[in-house]
Amino acid sequence: MTTDAAAVPDWEKRFRAPRVSLPDWAEDAPDRALFVSNATGTYELYAWDRSSGRQRQVTDRPNGTTDGVLTPDGEAVWWFSDTDGDEFGVWMRQPFGGGEDQPAAPGLAPSYPAGLAIGRDGSAVIGRSTDEDGTTIHLVPTPGGEPVEIYRHRESAGVGDLSHDGTLIALEHTEHGDAMHSALRVVRPDGSTVAELDDTEGGTKELGLAVLGFAPVAGDTRLLVGHQRRGRWEPMIWDPVAGTETALPIDLPGDVGAEWYPDGSALLVEHSFEARSELWRYEPGTPEPVRVETPAGTVSGATARPDGTVEYLWSSAERPPVVRSTSGAVVLDPPGAKAPPSVPVQDAWVEGPGSRIHALVQKPAGEGPFPTVFEIHGGPTWHDSDAFASGPAAWVDHGFAVVRVNYRGSTGYGRAWTDALKHRVGLIELEDIAAVRDWSVASGLADPERLVLAGGSWGGYLTLLGLGTQPDSWAVGLAAVPVADYVTAYHDEMEALKAMDRTLLGGTPEEVPERFEASSPLTYVDAVRAPLYISAGVNDPRCPIRQVENYVDRLAARGAVHEVYRYDAGHGSLVVEERIKQVRLELEFALKHLGGGAVVGAPGPEAA
């Protein structure tokens, strides 16, 4: 049966429209670039020769590929090969112009990735994480050469960057046991320590550091570092060889990140504040940064080119993403139909138990109260922003208002807001969600009888926990790739997430069983009354399938109204049609149980 393109609804067109990521370019061959696109219907890596305009698909795998890096000379693409989305695998190497894939480091067994830095001399620093070894970091001196271990620790760590001349390696580590706040170590290629920077003071203070990158200039040992010393993320310059730290007078509200301009003369500053972002240029030694003009909305990534222009990936809740340049040009415009726009987002500020809560609201045409979806973001260290998202737009197309809450634990509102979760994990976020729920009803936005709690990953976890601890508040629940049974999830998940859970809850399930019990959706499963839809990837290493099945078994044992959809992928799907199918199933489930209409464009019984 053929499909009339004109009959395809807008919500499906948004998912199918070709998209591209911000192209990453080779440091010593800036006309060679790498980007991700869904042009074939699956997100894969593409090589782009900007001088000739030639584009070539690098990877072609059933479940997609998104992790790739160009070598500095632009001669090769490194890409991470896992199995069906399980995130456990090895780095492969393919010539930029095409050719056979070869293991980039054949001496290293499969693992979860923990960072990668490639040197100009052909060497590479590869981070690995396994349940057996914790984190190990290896120097591979030549392409395909024998790896040499230079770091090992049970706690999580990762490769930050490699200096221009390859003599310094920056690592992030959590040897102090706080997985939310990394310390930094700079080592030589033989693993010997050059310098340490630790704002946690051995774990007694909760201040994190992050590697932003070495200066891209030969002989320059300056390292750009993110820090939280003033209650938010902002950059400074640390020279681990000279032993100096240089604070930067970039006094912007919200979180601030940065990267070097290619000649090392200035910083491209990325500023995130109240769910929007903007760009600035700062030259060290000058009094203040200068604004780089971008439209209102969200800059999802930016890079400064050798000629001084800035390229950036921009979108808003209303307008689909586009890769733009400060020269005024669209940098990379994929062929094919464009995504239809959606509706703009509105800000809501609600008084909550921990301070003011920021929520983003999208509304359909007409007057409320509307059936309303609370679409809860994952992370938890993430935040919703004024950026284009096909999922919320699909709900608006079907007459729903959509509310997204940047609860305590979200980034972008200062360190204290992000770090507020500890020990009462899940319950704190739900207090904020409840406050915004009450506001949405009192303001006339939301129909209290038609409220949907929904989310994926950590948002799926909060959905299950919310349905059990706030059973009178929600009419329907939609949980994608959730944590459902916290104890089993801890034992089955990847090692880096075990470390994060120990940080959030203060120990292992054996050490603090009462905290795991209080924060586990399984504890409250018998209180769930709302019809519940759950989707889960059978290869998911972050929210493993066994703990989801434990929760589903408890629902089934008491005859609770629920549906489960299992799919062959990991923590989400990179296949466009699979993603459309999942959204359609969620829409159908919600409309069926709320007494709404049919899903726009859904296949009839004969096509199902």
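Trainee: How many salt bridges does the structure hold?
Mentor: The structure holds 47 salt bridges. A salt bridge here is a side-chain nitrogen of Lys or Arg within 4 Å of a carboxyl oxygen of Asp or Glu. Keep in mind that this is a predicted model, where local features need pLDDT of at least 70, side-chain atom pairs count only at pLDDT 80 or more, and totals for chains, interfaces and linings use all residues. Residues are numbered from 1 along each chain as its sequence is written, and side-chain values use heavy atoms, with hydrogens and water left out.

Trainee: Show me one. What does R152 form a salt bridge with?
Mentor: R152 pairs with D133, and their closest N and O atoms are 3.3 Å apart. The two sit in distant parts of the chain, 19 residues apart. R152 is in strand 12 (residues 148–153), while D133 is in the loop between strand 10 and strand 11 (134–140). Strands are DSSP runs of E with at least two residues, helices are runs of H or I with at least four, and both are numbered from the N terminus.

Trainee: Is R152 buried, exposed or partly exposed?
Mentor: R152 is partly exposed, with a relative accessible area of 43%. D133 also counts as partly exposed, at 29%. The cut-offs are under 20% relative accessible area for buried, over 50% for exposed, and partly exposed in between, with a 1.4 Å probe and protein chains only.

Trainee: What else is R152 in contact with?
Mentor: Leaving aside neighbours within four places in sequence, R152 is in contact with D133, T135 and T136. Contact means heavy atoms within 4.5 Å. R152 and T136 are 16 residues apart in sequence, but 4.4 Å apart in space, C-alpha to C-alpha.

Trainee: Let's zoom out. How many helices and strands?
Mentor: The protein has ten helices and 36 strands. Its radius of gyration is 24 Å, close to the 25 Å that the globule rule gives for 608 residues, so the protein is as compact as a globular protein of that length. That radius is taken over C-alpha atoms, and the rule is 2.2 Å times the number of residues to the power 0.38. The C-alpha trace spans about 65 × 55 × 50 Å along its principal axes.

Trainee: What share of the residues is buried?
Mentor: Of the 608 residues, 55% count as buried. Among contacts with a separation of 6 or more, 52% are between residues 24 or more positions apart.

Trainee: New topic. How many cavities of 30 Å³ or more?
Mentor: The count is one. About 80 Å³ of space lies in the largest cavity. A cavity is a set of points on a 1 Å grid over the protein atoms alone where a 1.4 Å probe fits but cannot get out; lining residues have an atom within 4 Å of a point. Points are joined across faces, edges and corners, and the volume is the space filled by probe spheres set on them.

Trainee: Which residues are closest to its centre?
Mentor: G89, V90, W91, L108 and I126, out of 13 lining residues. Strand 10 (124–130) and strand 7 (90–95) each supply at least two residues of the lining. Strand 10 gives the largest share, three residues.

Notes. On a 1 Å grid over the protein atoms alone, a cavity is a set of points where a 1.4 Å probe fits but cannot get out, and a pocket is an open set with protein on both sides within 12 Å along at least five of seven lines; lining residues have an atom within 4 Å of a point.
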